[in-house]
Amino acid sequence: MNKIGSVKSDNFTDKFFKKSELIPAVVQEYGTNEVLMLAYMNRESLEKTFETGYTWFYSRSRKELWNKGATSGHLQKIVKIYGDCDDDTLLIIVKQIGAACHTGKHSCFFNEIWRGKNE
């Protein structure tokens with residue numbers, strides 16, 4: 001257990017990194033269930049997320065850790081984190097402060113590309 005929340009055990013995260021050094025993390029807004037963004041985490045960013053209670057990710061292009069909202073103020077306060085059935089993806093439930101997308105949109109998923117006839 002840490003000061004921010006509790007985890008199952010010290011090494012329970014090992015199972016998420018058996019297939020790859022990076023795992024996708026789907027970020028969803030608490031209360032609305034809106035999907036805000038998708039980012040990638042490595043071991044260190046997941047540990048920093050646990051330690052701070054805010055989201056940390058690994059930038060594949062810059063090859064470095066980044067704290068979501070550190071420069072913009074659009075922080076993501078962690079409510080819960082779930083692992084999927086295959087232990088290779090995370091679902092992070094957050095209280096979003098400001099926009100989640102770097103474009104200024106609330107969600108990164110605003111470009112509709114297909115809609116069924118009955119929708």
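The paragraphs below lead through this predicted model from its overall fold to its core, its helix and a few individual residues.

Because this is a predicted model, local features were taken only at pLDDT of at least 70 and side-chain atom pairs only at pLDDT 80 or more, while totals for chains, interfaces and linings use all residues. Residues are numbered from 1 along each chain as its sequence is written, and side-chain values use heavy atoms, with hydrogens and water left out.

The secondary structure comes to one helix and six strands, where helices (H or I, at least four residues) and strands (E, at least two) are DSSP runs numbered from the N terminus. Along the sequence these elements follow the pattern β-β-α-β-β-β-β. The C-alpha atoms fill a box of roughly 45 × 30 × 30 Å along the principal axes. The radius of gyration is 15 Å, which agrees with the value near 14 Å that a compact globule of 119 residues would have; this radius is taken over C-alpha atoms, and the globule rule is 2.2 Å times the number of residues to the power 0.38. Of the contacts with a separation of 6 or more, 43% join residues 24 or more positions apart, contact meaning heavy atoms within 4.5 Å.

The accessible surface comes to about 8000 Å², and 50% of it belongs to carbon and sulfur atoms; the areas come from the Shrake-Rupley method with a 1.4 Å probe, and for residues only the protein chains shown count as cover. Buried residues make up 33% of the 119 residues, where buried means under 20% relative accessible area, exposed over 50%, and partly exposed in between (1.4 Å probe, protein chains only).

In soluble globular proteins, nonpolar side chains tend to be buried together. Here the largest nonpolar core holds 18 residues, of which Met 41, Phe 57, Leu 90 and Ile 92 touch the most other members. β1 (23-29), β2 (35-41), α1 (43-52) and β6 (90-96) each supply at least two residues of this core, and β2 gives the most, with four residues. Such a core is a set of buried Ala, Val, Leu, Ile, Met, Phe, Trp, Tyr and Cys residues joined through side-chain atoms within 4.5 Å.

At the start of α1, a side-chain oxygen of Asn 42 reaches to within 3.2 Å of the backbone nitrogen of Glu 44. The buried residues of α1 are Ser 45, Leu 46, Thr 49 and Phe 50. They cover an arc of only 140 degrees around the axis, which puts them on the same side of α1, the arc being that of the directions from the helix axis to the C-beta atoms. The cover over these buried residues includes β2, β3 (56-59), β4 (64-67), β5 and β6. Ser 45 counts as buried because its relative accessibility is 0%, and, not counting residues up to four places away in sequence, Ser 45 touches Trp 56, Phe 57, Tyr 58 and Leu 65. Just after α1, Gly 53 takes a positive phi of about 80 degrees.

The side chain of Gln 76 makes a polar contact of 2.7 Å with that of Thr 55 and another of 2.9 Å with that of Gln 96. A polar contact is a pair of N or O atoms within 3.5 Å; within protein, one must be able to donate a hydrogen and the other to accept it, and residues adjacent in sequence count only if both atoms are side-chain atoms. Leaving aside neighbours within four places in sequence, the residues in contact with Gln 76 include Val 27, Met 37, Gly 53, Tyr 54, Phe 57, Lys 68, Val 94 and Ala 100.

Two loop residues other than glycine have positive phi values. Asn 33, in the loop between β1 and β2, has a phi near 65 degrees and is exposed, with a relative accessible area of 52%. Lys 63, in the loop between β3 and β4, has a phi near 60 degrees and is likewise exposed, with a relative accessible area of 59%.

The last stop is Arg 115, in the segment after β6. The side chain of Arg 115 is joined to that of Glu 112 by a polar contact of 2.6 Å. Arg 115 and Tyr 54 are 61 residues apart in sequence and 34 Å apart in space, C-alpha to C-alpha.
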